[in-house]
Amino acid sequence: MKIAVLPGDGIGPEIIAEAVKVLQRIAQDGFDFTFEFAPVGGAAYAASGHPLPEATLSLAKSADAVLFGAVGDWKYDTLERHLRPEQAILGLRKNLGLFANLRPAILYAELADASSLKPEVVSGLDILIVRELTGDIYFGQPRGRRTAPDGAFVGQPEAFDTMRYSRPEIERIAHVAFKAAQGRNKRLTSVDKANVLETFQFWKDIVTEVGQQYPDVQLDHMYVDNAAMQLVKAPKKFDVIVTGNMFGDILSDEASMLTGSIGMLPSASLNEKGQGLYEPSHGSAPDIAGQGIANPLATILSAAMMLRHSLGLPEQADRIEAAVQKGLAQGLRTPDIHAPGTQKVSTAQMGDAVVTALG
Ligand SMILES: NC(=O)C1=CN([C@@H]2O[C@H](COP(=O)(O)OP(=O)(O)OC[C@H]3O[C@@H](n4cnc5c(N)ncnc54)[C@H](O)[C@@H]3O)[C@@H](O)[C@H]2O)C=CC1
Ligand SMILES: CC(C)CC(=O)C(=O)O
Ligand SMILES: [Mg+2]
């Protein structure tokens with residue numbers, strides 16, 4: 001099985017090294033993983049002038065799965081947009097058709113103290129955010145800068161983006177979400193802004209229509225501002241949340257803190273053929289890069305999702321998740337989840353603890 005490994009920028013190489021270590025330990029038990037590394041993001045721009053070189057894209061397309069770190073660095077923020085590191089992950093998602101982003105927010109019992117909410121509000125939390133990943137305002141055309149052609153500020157410089165969704169895009173992500181809910185507690189909350197945005201009234205109408213095919217799933221609708229509030233008020237009331245690209249981006253970062261840290265939130269990005277890219281939900285964290293203090297668990301848990309969703313090895317995925325729990329139960333914590341009475345460890349020590357816990 002060929003795994004394309006794209007470490008990227010900032011903490012990307014540090015966290016990817018730990019996930020690869022864990023996968024190599026699994027491979028020792030008789031699984032044939034081949035790792036092929038390629039540059040992406042700012043690292044690729046620095047090496048070859050483009051954040052997503054053709055060779056990296058074709059490696060990703062030809063692999064059985066892609067393991068991705070993170071891209072982005074403040075020093076590239078002034079580049080023309082098409083050369084900025086973030087275009088690499090956006091380009092991979094678009095080129096591979098990775099429209100379904102699964103972001104499970106699970107609070108490990110050992111991390112109840114690390115969550116920013118009271119234990120009674122979050123303990124036992126297990127929710128799934130299903131984020132549409134290849135549409136919405138992140139990809140909508142036209143976009144750009146121009147002189148305002150009309151309105152109160154006519155003649156002034158302005159910038160604009162376009163929020164849009166087509167019926168098939170909404171239908172396919174709705175099906176993914178309803179099916180996910182069927183495999184869980186059979187409750188789905190569709191998050192929109194239908195009270196203001198036509199795009200999201202359309203979204204709500206179509207999700208409702210698709211819902212008729214899933215009578216066993218209880219569907220409700222919530223405006224995104226209320227959802228942001230409910231996530232910190234009573235997060236356990238949610239089971240599966242389905243939403244658009246931008247709202248899902250924002251709500252999943254919010255949900256990550258319920259689990260103790262953004263360093264705990266993995267993700268799977270899947271296409272219609274079941275191919276997938278696996279990456280932590282966080283970014284390249286330039287503020288802590290190179291210090292050996294980043295939490296590698298979101299990336300290790302993303303590797304577990306890869307085994308489950310793309311490589312047909314669900315038992316090995318379970319094994320990794322159990323090993324993560326064991327490491328936490330031993331009291332080992334990177335600084336982002338550290339609490340009194342636990343032992344502060346480095347990125348590499350956390351990865352080693354997971355490998356050891358695999359037995
Ligand atoms: N998929 C991707 O490659 C993504 C890339 N980005 C890019 O990453 C760069 C930084 O963006 P930010 O907004 O700062 O978001 P970020 O997610 O990189 O960092 C936000 C905060 O969380 C902390 N953090 C993130 N991951 C952590 C980990 N594993 N362990 C401990 N602490 C962690 C960081 O230190 C920082 O304080 C930007 O260039 C941005 O565009 C942002 C999100 C996703
Ligand atoms: C480049 C961004 C859209 C990445 C991001 O924030 C995310 O996918 O969570
Ligand atoms: Mg994000």
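A crossing of two helices is called left-handed if the near helix is turned anticlockwise from the far one by less than a right angle, and right-handed if it is turned clockwise. The legends below describe close-up views of a predicted model.

**View 1. Helices α10 and α11 cross in a left-handed manner.** Helix α10, which covers residues 297-309, and helix α11, which covers residues 314-329, have axes that come within 7 Å and cross at roughly 160°. Because angles over 145 degrees count as roughly antiparallel, α10 and α11 are therefore roughly antiparallel to each other. On the side of α10, the contact is made by L297, I300, L301, A303, A304, M305, L307 and R308, while α11 contributes P314, Q316, A317, I320, E321 and V324.

**View 2. The largest nonpolar core holds 104 residues.** Among the members of this core, V66, L67, V130, A177, Y278, I300 and A303 are those that touch the most other members. Helix α10, spanning residues 297-309, gives the most to the core, with nine residues. At least three residues of the core are drawn from each of domain 1 (1-99 + 271-359) and domain 2 (102-134 + 165-264).

**View 3. The surroundings of A303.** When residues up to four places away in sequence are not counted, A303 touches A19, V22, L23, L67, Y278 and I320. A303 also belongs to the residues of α10 that make the contact with α11, where I320 is one of the residues on the α11 side.

**View 4. Domain 1 meets domain 2.** The chain is divided into domain 1, made of 1-99 + 271-359, and domain 2, made of 102-134 + 165-264, and the C-alpha centres of these two domains lie 23 Å apart. The contact between them takes 18 residues from domain 1 and 20 residues from domain 2. On the side of domain 1 that touches domain 2, α4 (86-95), α10 and α11 each supply at least two residues, and the largest share of that side, three residues, comes from α11.

View 5. The crossing in which α8 passes α9 is right-handed, and the contact is made by V224, A227, A228 and L231 of α8 together with F247, L251, E254 and A255 of α9.

Methods: Residues are numbered from 1 along each chain as its sequence is written. Chains are lettered from A and ligands numbered from 1 in the order in which they are written. This is a predicted model: local features need pLDDT of at least 70, side-chain atom pairs count only at pLDDT 80 or more; totals for chains, interfaces and linings use all residues. A nonpolar core is a set of buried Ala, Val, Leu, Ile, Met, Phe, Trp, Tyr and Cys residues joined through C-beta atoms within 7 Å. A residue is buried if 20 or more other C-beta atoms lie within 10 Å of its own, exposed if 12 or fewer, and partly exposed in between; C-beta atoms are placed from the backbone. Helices (H or I, at least four residues) and strands (E, at least two) are DSSP runs, numbered from the N terminus. Domain bounds come from an automatic or database domain assignment. Two residues are in contact if their C-beta atoms, placed from the backbone, lie within 7 Å. Axes are lines fitted to C-alpha atoms, for helices over the stretch in contact, and angles run from 0 to 180 degrees between N-to-C directions. Angles under 35 degrees count as roughly parallel, over 145 as roughly antiparallel, 65 to 115 as roughly perpendicular and the rest as oblique.
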